[in-house]
Amino acid sequence: MNQIQQLINQMCPNGVEWKTLGEVGTFFNGVTGKSKKDFENGNAKFISYMNVFSNPKLKIDVEDTILINKGEKQNTLQYGDVIFTTSSETSDESGMSSVLTIHTDEKIYLNSFCFGFRVNNLEKISPDFYSYIFRSEPLRNQIIKCANGVTRFNISKASFVKVKIPLPPLAIQTRIVEILDHFTNLTANLTAELNLRRKQFEHYREKLLSLDGVEGVENGILLDILKQPITDGPHETPTFVDEGIPFLSAEAVVNSKIDFNKMRGYISEEYNAICCKKYKPQMNDVYVVKSGSTVGKIAMVDFDSEFNIWSPLAALRVNEHNSPRYLYYLLLSDSIQNQIQLKCSKGSQPNLSMRVLEIFEVSIPPLATQHSIVSVLDKFTALIENIEKELALRQKQYEYYREELLRFGG
């Protein structure tokens, strides 16, 4: 940080210059005049909306193609081009950027739901630098103000040309890119390791839960390992209060855990007491999302705090002969998840009957075997959670340094 500030003081004694996009470059559109059929058997690379939305640096090693006829005039991408999405369902996600930071002689075409920006003089601008700057808070705040709409937000080109960008000397741009690339590479390496560990976990989960060669395994139904029939929360809409007991529904089940940041709201002590007459949550209960778009998501109560649930969550509680943690992993298995998708009703609001869930066929090993399987899978889970925490920390560090390095007092 001190090095960057020293460079700015030396090379920009009057501060970093800012100019509008209209002053430093020109805009161009994606492909025009194309039908759905032109995207089925294409002969040229095509950059999709999600490619732009998801990647600060454009990925050109893609399989998306478009049919371009001989002599057809369409805009193609060049090194240094900045691509923006034209619209989104929220203003905060409008005008997301991606920069072509790789030299290529290949003709690459852009979809019609995005537009491009080409700088006039690449000798003064590092494409890698602009892959970061256009996703920084100062620039995103300007870009979001260019989006208009109600149910869908579209970028106004007339407003977009007035967006101001910093033009620090190339030496400053290069040093900032070196710092931010370091954090980006750390994040990418952790993400790759996390994906690998998740695949390992899934492999061993399926292998262990197949129970091949295990003695004492009994065939039964899910209800056989439960203490009581599966239940759920109230079906009526509660009256929420400013403070009280957290009330959870399907959206609170995130990555096989319960996320209180996604709770529906708070209910009163009196309403909670009514809910508890039907079901009172307790440690080691396991939840299955039984209705809505996330049917089959699983979570376990691995904490001791007061809350209650709504009807989209089905609550399962094992008996004394079985392990709640084993039930949790069993419900995550491909065998159970496939049964859930097969048995749930289809339509705009999928639903899984609790009575149907109770009679899912399962293999039940002895309790000692369950504990052994849980021990192995818990080690993988702990490893994954540690990597997730490290990844979240590195992402915060990256975002912090990006914002600190890219302000320039504009």
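The model is predicted, so local features need pLDDT of at least 70 and side-chain atom pairs count only at pLDDT 80 or more, while totals for chains, interfaces and linings use all residues. Residues are numbered from 1 along each chain as its sequence is written, and side-chain values use heavy atoms, with hydrogens and water left out.

Let's start with the sheet. Strands here are DSSP runs of E, at least two residues, numbered from the N terminus, and two of them pair if DSSP finds at least two bridges between them. Four strands make an open, antiparallel sheet in the order β2-β9-β5-β7. At the edges sit β2 (25–29) and β7 (97–99), each pairing on one side only. Neighbouring strands are turned by 25 degrees against each other on average, direction ignored; the axes are lines fitted to C-alpha atoms, and angles run from 0 to 180 degrees between N-to-C directions.

Now the cores. A nonpolar core is a set of buried Ala, Val, Leu, Ile, Met, Phe, Trp, Tyr and Cys residues joined through side-chain atoms within 4.5 Å. Buried means under 20% relative accessible area, exposed over 50%, and partly exposed in between, with a 1.4 Å probe and protein chains only. The largest core has 40 residues, and among those touching the most other members are Leu 222, Val 288 and Leu 316. Leaving out residues up to four places away in sequence, Leu 222 touches residues including Leu 327, Glu 358 and Phe 360, where contact means heavy atoms within 4.5 Å. A second, separate core of 39 residues includes Phe 84 and Phe 115.

Last, salt bridges: a side-chain nitrogen of Lys or Arg within 4 Å of a carboxyl oxygen of Asp or Glu. The whole structure has 19. Arg 264 lies in the loop between β17 and β18 and Glu 251 in the loop between β15 and β16, so the pair ties together parts 13 residues apart in sequence. Arg 264 is partly exposed at 39% relative accessible area, and Glu 251 is partly exposed at 31%. Arg 402 and Glu 403 also form a salt bridge, with the closest N and O atoms 2.8 Å apart, and both residues are buried.
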